[in-house]
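Please take a look at the structure shown here and follow, step by step, how its ligands are held by the protein chains around them.

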Amino acid sequence: MSVSEFHMVTIVTERILKEDILDLMRAQGAKGFTLTDTDGEGSRGVRASDWEGKNVKIESIVGAEKAERIMKAMAETYFENYAVIAYSYPVRVFRGEKYT
Amino acid sequence: MSVSEFHMVTIVTERILKEDILDLMRAQGAKGFTLTDTDGEGSRGVRASDWEGKNVKIESIVGAEKAERIMKAMAETYFENYAVIAYSYPVRVFRGEKYT
Amino acid sequence: MSVSEFHMVTIVTERILKEDILDLMRAQGAKGFTLTDTDGEGSRGVRASDWEGKNVKIESIVGAEKAERIMKAMAETYFENYAVIAYSYPVRVFRGEKYT
Amino acid sequence: MDALLSNFASPVVLAFALGIIAKLFRSDLEIPRPLYQCLSIYLLLAIGLKGGVALSETPFVEFAYPGMITFLLGLITPLSAFAVLRYMGKMDLVNASAIAAHYGSVSAVTFIAAVSYMQAIGMSPEGFMPTLVAILEVPGIIVALLIPHLLGQAKGSLKKALHEVMTGSSIILLVGGVVIGYVAGPEKFASVSPFFVSGFQGALVLFLLELGMATARRVSDLRKVGLFLVGFGILVPILHGILAVWLGLMSGLSVSGAAVLAAMVSSGSYIAAPAAVRIALPKANPTYYLTASLGITFPFNLTLGIPLYAELAKWIGGS
Amino acid sequence: MDALLSNFASPVVLAFALGIIAKLFRSDLEIPRPLYQCLSIYLLLAIGLKGGVALSETPFVEFAYPGMITFLLGLITPLSAFAVLRYMGKMDLVNASAIAAHYGSVSAVTFIAAVSYMQAIGMSPEGFMPTLVAILEVPGIIVALLIPHLLGQAKGSLKKALHEVMTGSSIILLVGGVVIGYVAGPEKFASVSPFFVSGFQGALVLFLLELGMATARRVSDLRKVGLFLVGFGILVPILHGILAVWLGLMSGLSVSGAAVLAAMVSSGSYIAAPAAVRIALPKANPTYYLTASLGITFPFNLTLGIPLYAELAKWIGGS
Amino acid sequence: MDALLSNFASPVVLAFALGIIAKLFRSDLEIPRPLYQCLSIYLLLAIGLKGGVALSETPFVEFAYPGMITFLLGLITPLSAFAVLRYMGKMDLVNASAIAAHYGSVSAVTFIAAVSYMQAIGMSPEGFMPTLVAILEVPGIIVALLIPHLLGQAKGSLKKALHEVMTGSSIILLVGGVVIGYVAGPEKFASVSPFFVSGFQGALVLFLLELGMATARRVSDLRKVGLFLVGFGILVPILHGILAVWLGLMSGLSVSGAAVLAAMVSSGSYIAAPAAVRIALPKANPTYYLTASLGITFPFNLTLGIPLYAELAKWIGGS
Ligand SMILES: Nc1ncnc2c1ncn2[C@@H]1O[C@H](COP(=O)(O)O)[C@@H](O)[C@H]1O
Ligand SMILES: Nc1ncnc2c1ncn2[C@@H]1O[C@H](COP(=O)(O)O)[C@@H](O)[C@H]1O
Ligand SMILES: Nc1ncnc2c1ncn2[C@@H]1O[C@H](COP(=O)(O)O)[C@@H](O)[C@H]1O
Ligand code: NA
Ligand code: NA
Ligand code: NA
């Protein structure tokens, strides 16, 4: 079984944006997601999610190119108005077909 | 204090397999785990875990060789029939003795 | 928009130390955190957190130098007496100004 | 007809409908998973406790036949369900067994809904009925899982699955509740009865709100499972229901007891069975078994099935 | 004065105070988020159910005028709040609209506290009042959000925000509860009433404990929002309250019904409105709207506002 | 003997047993952590409230002596426990202090179980007993933690630990509940009483199910802690219990009040103390203090200790 390198794109954001961001990522070709409830503290103050539940972390393993596209789309759409961070790092996976 | 490089092996899978997979990883020499409840969406459709609770993410820091062994064992045992992904990435740690 | 490399410093520890460790990290210059509830198993046996709730994972994206400083301070202050692990890995981010 | 309308107007059925509607309108309403788990724990334990207390007041002879008949139905129904799926539906062995395991077991909520319905129309089923739920929970799953394992076609571990079904939370809570209720008896139970009895129907409303949402999530899978399974999910429960009414009356149950037994026997499990099947038959497709038991049979029983079994029991029981 | 002291000594107000004190002492007390969510679901559904049952027993004519007046107040109050903020407070368009949306909607807990207060002083507001909460929940938010969108100054999606507010969990639970209660009627409701009625006040104690802690977390933001907003959060509710008492009495509500209506109308939403505003007006600063509605108006109403509206209603209603 | 058997058959003790059995059979039954937290919050607040209401009806003189005696016992018991551990058990200073802190404080659940037991055998302890729980919660922990800090052998922060124990959730809820109950008084408490009183025993059943599972998880540690600690966990509580019965009766408590006081004093804390010890004495081994208080003393008290203290009180009290 062959090992290959992909990119883990991670978004941490307000709960309220979850569905929107998943749509954006699907549109850029992400095939799967792992979602985790998180709390957070960042450069912005309080926000509505106090009441709607916590932040959500969205993780998706994708190819290098898709990773770039998702990060870019995120930055353009959300960075100005919403509490959101995005980062990526390389991961090694088995059965890479799954993620492309 | 010396810094050394290890591998973070991460498994995301159905709740129902948790104990089995921890056993497999212990058998391959993993010394500790961090477990997180997660939700997920992947290439498979609905599954029983709708009712038993969510996915679980299992993270374990191990040496390079053990990482390879765990990933392989996972792929052979579970990839065909179960909803599971496995990936790994290098991490830097202090007090590396702990993980070997 | 420019991409830059930062370090993700991750701490997994007993719930009871959460506020203390956040203070330590803020003192070393961390600007934001993502907190996740986790369960865990490590080299130590049972601990008080059985009753106070689970482990907590603290993630913070910081520059290389701060990462080093945080890891060191953690090792000196907590490794002896408490259940805690710390590791770091490089991540790529957009809008890097946020983390410095 | 009146009975039917009255059933539709019960808070429990209406809450189920509200859950479905909320999902259809894409509401962000969510029952937090811990609440759902708490409600399950509470309802199962409460059922067990009440059954145990009632059992402690029932002479053994009164309970013996209904208990045996229930056990028997737990052995028969998975086989009949399997036969229909495999030979009429031409379904593959593994999926047929997986679905059969669900219909061999029982849905506790259908049971509760049936009891409430009977009480609402002024009839009172035997107090020990919850004990029958505990008896019906396990055997059907085992019988169905044995089929592919005996034929050597399974891939998972039967042993693990058996352990899972025998020590799964639903059976521990049900059986544990029965034992606690039986040992404590009515007097000692009195102190906990406000919590477990008075609050019961209200807790059920919240539970059915969640079940409604879960059902709605499953509706989109109806296309995937095909017309045969939809028919199966309605007709086989009716057949099982008729059988249960008949055997139940023969075993000495009252008319309303037989109707409740029919609801139990006809229902498909969606808590104990899925967990066991996932382990014993990993190749079985959850879309089939969950959609059948939760997406088809459960709403059918809740709305039409239960009144139907009640009429059947009155008719056969001649009252 | 006596009434005031008595209000301060109610378990619900005391629990609120306990929550504030716990946070001031930096206690690690935490209401687990799932419990907070459960309590919200329970309280909203219970309010709806009780309102629906009462409505099923109310002749349409009795309800028609109060219903219309409430709707009208839902249209007027966001505009008056906006006017004060924009023209007296010189607040920018987006933040003024965001705050106005909160004061156009309603805080369900303030409503409950008002009803409890009335009952404690021996008066009984109309049973259908909860239905008015449902009527008041939505229109004010929509009116306020329309302002910047009509002026082309918003950045978020009005369509998404409207969907959010129409299908948000609070409105689904309130309206769903009213419909279920109305269809089920008092007889079928009886079985679930121990859960939804007897437990209500106690559940409220836990909820206010959490609200107290949430309020305390917000107190440190008081400096940030400035004196104008503090004044706004006290005076505008009083004005809205007077208006509501007057219109409520005109519409045929009893004295205590008018007082409860005043509490509702004067209150600021902190569940439905924040979610909608976050989507429709992402540039609005949550510190302003949350601090005003939760940090200022809510504690004011809970302690001083409600007794004040009651006195006003008695005085204007001439009883 | 009869009393003993009857104690074993109470739903609360049976639920504890069910929890142990579930874990022994490796059931996957799990009480979701938020439910466990909710139950703790509910039980502690309910205890406080009931105590406060009762206190508001008690003349000060009746309460003064029992209150002082309880405080005194909070100072003595950690010292006696420490002496036994350090000089008879040759335990190191830090672990001896850590365990002593637990036995200086109190287990709220043991208290509740004792009250229920008394009521079941037809006796009624004073209504203000819960206030004594609040008095007993803190001082013992402080005394025990001071020992190694005075000797300069501690490594953690005493200041942080004191803050933790004074503002920990259990003390906030207990004391807060007492104050709310006292201020509200019996009349205003009536509205929340169905929630906090009627539901209490049932909620306790769920809580003890979880405690049973927690105890079972600890049983495997029994080997690790050695025979001395097992003996300590049974004998020292009995000694403390005798002392408490005697002082309790002297202070004017009724026979059943003295028995309940004995159960409280003899019990080891497993909520407030572990948190404080973890901070003040990080080098202490949790296996020792948790196994002793939760794995040995709690089950002993729940099953044998409470009936024993009751007999002792009857015998010494001469009734
Ligand atoms: N430096 C950081 N490291 C890790 N997580 C962060 C960091 N900054 C922000 N976050 C997360 O991103 C969320 C939004 O951040 P912000 O937009 O800065 O308020 C926060 O609530 C945190 O969960
Ligand atoms: N591309 C992906 N990125 C991140 N997580 C994934 C991805 N694909 C699958 N997962 C996770 O793995 C679980 C099982 O995936 P699957 O076997 O594809 O259904 C999903 O529920 C997700 O939590
Ligand atoms: N090798 C490991 N890999 C991942 N997480 C670990 C590892 N070792 C310990 N942990 C986590 O760190 C916590 C404290 O570890 P310890 O101090 O070894 O008891 C554990 O409860 C786990 O959550
Ligand atoms: Na069945
Ligand atoms: Na308003
Ligand atoms: Na003690």
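A backbone N or O atom of Phe33(C) lies 3.2 Å from an oxygen atom of ligand 1, which is a polar contact in the sense used here, a pair of N or O atoms within 3.5 Å, where within protein one must be able to donate a hydrogen and the other to accept it, and residues adjacent in sequence count only if both atoms are side-chain atoms. A backbone N or O atom of Ile61(C) lies 2.8 Å from a nitrogen atom of ligand 1, while on chain A a polar backbone atom of Val84(A) is 3.4 Å from an oxygen atom of this ligand. The protein buries 99% of the 480 Å² that ligand 1 exposes when taken alone, with accessible areas coming from the Shrake-Rupley method with a 1.4 Å probe and, for residues, only the protein chains shown counting as cover.

The model is predicted, with local features needing pLDDT of at least 70 and side-chain atom pairs counting only at pLDDT 80 or more, whereas totals for chains, interfaces and linings use all residues. Residues are numbered from 1 along each chain as its sequence is written, chains are lettered from A and ligands numbered from 1 in the order in which they are written, and side-chain values use heavy atoms, with hydrogens and water left out.

Ligand 1 lies between chains A and C, and of the 19 residues around it the nearest are Ser43(A), Asn55(A), Thr34(C), Ile61(C) and Lys98(C), a residue being near if one of its heavy atoms lies within 4 Å. Strand 3 of chain C gives the most to this shell, with 3 residues, where strands are DSSP runs (E, at least two residues) numbered from the N terminus.

Where does ligand 3 lie? Ligand 3 lies between chains B and C, and the closest of the 19 residues that surround it are Thr34(B), Ile61(B), Lys98(B), Ser43(C) and Asn55(C). A backbone N or O atom of Ile61(B) lies 2.8 Å from a nitrogen atom of ligand 3, and a polar side-chain atom of Asn55(C) lies 2.8 Å from an oxygen atom of the ligand. A polar backbone atom of Val84(C) is 3.4 Å from an oxygen atom of ligand 3, and the protein covers 99% of the 480 Å² of accessible area that this ligand has on its own. The largest share of the shell around ligand 3, 3 residues, comes from strand 3 of chain B.

Conventions:
Helices (H or I, at least four residues) and strands (E, at least two) are DSSP runs, numbered from the N terminus.
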